[in-house]
Amino acid sequence: MPELPAAYRTAPFDEHCAPRRLLRLFNGKWTTMVLHTLHLLGGSSRPGHLLRSIPDLSKKMMTQTLRELEQAGLIARTVQQIMPPVVEYSLTEMGQKFIEPIEMLYHWGIEHADLLDRVTAAQHAAERPSHRVEDPCD
């Protein structure tokens, strides 16, 4: 992997620097999943098929995520004026460019699943309330 430019190797990082803008873009829980799923579905999909392709994604969150991605210019919404109207979402040319960092993250996650398991276990342990029973003799 190429070395980062010097400006990105020391803090503080400007609010408008590329890494922070990229992470802000991918900040939504479903953003990368929707983009990646559209990519896997050949670059476009009807909403129902997209929703069935992403377990646990609610219709409300899918609609919100699709709107945000459309506003950002990463996907396009096409409506065919037939009865009933047919809606399809597709990756734009710019959206296709954002697949590369997503795939890099997914590959990293696959290669380091053991580390992710450890982090998940630590997070779950921290979320569990302590069930320590007080000893009356203390």
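I noted that the model is a predicted one.

**Elements.** I read the pattern along the sequence as α-α-β-α-α-β-β-α-α-α. I looked up the total for the protein and found seven helices and three strands.

**Overall form.** I checked the radius of gyration next, which is 21 Å. The globule rule gives 14 Å for 138 residues, and the value for the protein is well over that, so I put the protein down as more spread out than a compact globule. I looked up the span of the C-alpha trace along the principal axes and wrote down about 80 × 45 × 30 Å.

**Strands.** I turned to β2, residues 75–80, and β3, residues 86–91. These two strands run antiparallel, and I found six bridges joining them. I noted that they form a hairpin, with five residues between the strands. For one bridge I looked up the partners: valine 79 is paired with valine 87 in β3.

I asked what share of the 138 residues is buried, and the figure is 22%. Among contacts with a separation of 6 or more, I found that 42% come from residues 24 or more positions apart.

**Surface and charge.** I then looked up the charged side chains and found 15 positive and 17 negative. The centres of these two sets lie 8 Å apart.

Conventions
Residues numbered from 1 in each chain as written. Predicted model: local features only at pLDDT ≥ 70, side-chain atom pairs only at ≥ 80, totals over all residues. Heavy atoms only, no water. Helix = DSSP H or I, 4+ residues; strand = E, 2+ residues; numbered from the N terminus. Rg over C-alpha atoms; globule rule 2.2 N^0.38 Å. Buried < 20%, exposed > 50% of the residue type's maximum accessible area, 1.4 Å probe, protein only. Contact = heavy atoms within 4.5 Å. Lys, Arg positive; Asp, Glu negative; His and termini not counted. Charge placed at Lys NZ, Arg CZ, Asp CG, Glu CD. Pairing = 2+ DSSP bridges.
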